[in-house]
Protein chains: 2
Amino acid sequence: MTDFAATRALFHLPQGLIYMDGNSLGPLPLAARRRVAAMLQEEWGGLLIRGWNEAGWMAEPRRLGDRIGRLIGAPQGSVIVGDTLSVKVFQALASALELRPDRRVILSDSGNFPSDLYMAEGLVRMLDRGHQLRIVAPEAVEDALDESVAVLMLTEVDYRTGRLHDMRKLTRKAHAAGALAIWDLAHSAGALPVDVETADADFAVGCTYKYLNGGPGAPAFIYVAGRHAALARPALSGWLGHAEPFAFELGYRAGAGIERMRIGTPPVIAMAALDAALDVWDGVSIGHVRKASTELAELFIAGVETDCPELRLASPRDAVHRGSQVSFRHEQGLAIMQALIARGVIGDFRAPDTIRFGFTPLYLGRQEVLDAIAILAEIMASRAWNRPEFRRKALVT
Amino acid sequence: MTDFAATRALFHLPQGLIYMDGNSLGPLPLAARRRVAAMLQEEWGGLLIRGWNEAGWMAEPRRLGDRIGRLIGAPQGSVIVGDTLSVKVFQALASALELRPDRRVILSDSGNFPSDLYMAEGLVRMLDRGHQLRIVAPEAVEDALDESVAVLMLTEVDYRTGRLHDMRKLTRKAHAAGALAIWDLAHSAGALPVDVETADADFAVGCTYKYLNGGPGAPAFIYVAGRHAALARPALSGWLGHAEPFAFELGYRAGAGIERMRIGTPPVIAMAALDAALDVWDGVSIGHVRKASTELAELFIAGVETDCPELRLASPRDAVHRGSQVSFRHEQGLAIMQALIARGVIGDFRAPDTIRFGFTPLYLGRQEVLDAIAILAEIMASRAWNRPEFRRKALVT
């Protein structure tokens, strides 16, 4: 079994805090401090411009992509790191639409993260050729997959409710309808077993600051299925995606395979932190993580439903249909979360009424979950959330 | 006068190295180590998700944008930091084309950095509405500014030759022809006085890892003139450019002013390094930097032309028409640069035959320039560049 006491010791976790927000921002891996300090002093400081070759900076997006690939079932050489998730969504979607030139519909759902929808909306507007972003309810996706759909674009795990789509089944349905499938793994990578190749995804994207613990604003990643790698035309055709960036030609020629999804100069300092964060996964079984996460979530749901009857479960009750987070609804959700945070239990809030809790066994244990239930129950019983300081504040993340 | 001995003491510079490549990657500001370490330990480590509010991470792109704005003559609230320069070029260009819907030509020159041209080429292809990227020689730009031009897109300082465009004059000409002007300040910001507002630029973009010393892959910036700020529609419409990102609406509404040029989650670790790097500029006059840089460059040109007659000056001889770097041509340029680097003089090479040297008085002094001339002269006189190890290697940056 994965030794979660050992993985927990790899993180900095402030004393007295119960951190249940790894679904938003993972905690600091202790090794990131040393790795970043060494990158600054020895590589940037000592090598200066030579770091691009001698410290391997230029190859990092591919090497880190391969490390992430192992966690999402992607073959070596099919994932690359860089930019933000929104930019990677845009690249995947623009490339996918070009591969389905005779169709005009992008199908997504109202459980997708808004930025994915906004990037799609912006692309549709920019293309100005009659494309349409069709947003349906999560449970209506399957029926909406008809012959008009060019691309099915979904986030596997709903950021508010934790509802988990069946990637394999929906991708098969999309392909049967002649559409391509883009999967956003923001709440999947590092949270549960993902196998983009077996699921036959066409493109996948994700971020590295949630369950992969890469740090605030850590770079995103993109996966392109082998069958598209040489065909997908990069929409954002930057110099580092060029076949020969250092030939400085005036015209663009797309690089080989996944390299063409690079855009500009890679974020070297952030990649050093991410590299250290990925070390945590050495020797960790994602299957064990999923099992332990489910146990913690079940414990939490049972405890909260027993002790806090005012809170309504907003997540699927069946763990098979749920990602790694659990949400409850209450009209005073924001105030309740503020009260929890004041007591050292860190979750987060999503408008209008949802409080979210992440279950990340790499650094969260059973006793903390029990303690969190007890504190939440006290807050609800005493109506401690009703104090002015909790009802006034606004959370922005 | 600016105290350049004092600014030099703010950087880590390896013993025995003469660093003349600040035009490619600035050196490590000593304070960046402390700032990044504190960001990791106290903010990410200690605050976790609360850092977005309590450590001000969410506001950093704007605050750093304002700091950069002071170096390029941009009013407060008109510059924002994020993404890579290539992505910011794309945003500026897509927005500018929308503001000139009746025109189809993007005018640029062969001295522009290839990534700017590639991003424009990709945008033209994506729009597929008859736009054309017209690339002329730098000296032909003015005559090519006719009524067909929607956008003039130039880099002020040529990355190979150091040739400096007259931003004010060309912007005026562009406006007279009914076109908009986008300026790439990659080799200008921190190198010479820039005043985007007085020059009346419509958009400006730049990177922060050259003369601003933000570190490898540090985030880029974008400036939008006040008259366009509320009109420019962001092409890459990510959630952090939304009017209310945390309302999580399904539809996009552009944020106020420069905020709409944000895309995804900002790179917090990289921004900490950049913030420390910008501290170096407190008390520094960009006019003094320009004057000192010009003196160093003149010294170098005179010395090299006297002692190394085989090398041909590739930069404008008149400092008024030159940025902060000087280039020479030689068919064995790559081998010569390798030999120089082996002797501790770091410049760089741009295919096919150009060797480049940057003159950055913040940390480069007169004696080092004299030493570099002497070492280069020795290499040329002894034909030391002709050794196999120098003729074999390839530089990638």
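These questions and answers concern the fold and domains of chain A in a predicted model. Residues are numbered from 1 along each chain as its sequence is written, and chains are lettered from A in the order in which they are written. Local features need pLDDT of at least 70 and side-chain atom pairs count only at pLDDT 80 or more, while totals for chains, interfaces and linings use all residues.

Student: How many helices and strands does chain A have?
Tutor: Both are DSSP runs, helices being H or I of at least four residues and strands E of at least two, numbered from the N terminus. The count for chain A is 15 helices and 15 strands.

Student: Why is chain A as compact as a globular protein of that length?
Tutor: The globule rule is 2.2 Å times the number of residues to the power 0.38, and the radius of gyration is taken over C-alpha atoms. For 397 residues the rule gives 21 Å, so chain A is as compact as such a protein because its radius of gyration is close to that, at 22 Å.

Student: Which domains is chain A divided into?
Tutor: The bounds come from an automatic or database domain assignment. Domain 2 of chain A covers 56–279, and domain 1 covers 4–28 + 285–392.

Student: How many residues of domain 1 of chain A are in contact with domain 2 of chain A?
Tutor: Contact requires C-beta atoms, placed from the backbone, to lie within 7 Å. Domain 2 of chain A contributes 18 residues and domain 1 of chain A contributes 23 residues.

Student: What gives the most to that side of domain 1 of chain A?
Tutor: α12 (286–307) and β12 (325–329) of chain A each supply at least two residues. With four residues, the element that gives the most is α12(A).

Methods
Contact = placed C-beta atoms within 7 Å.
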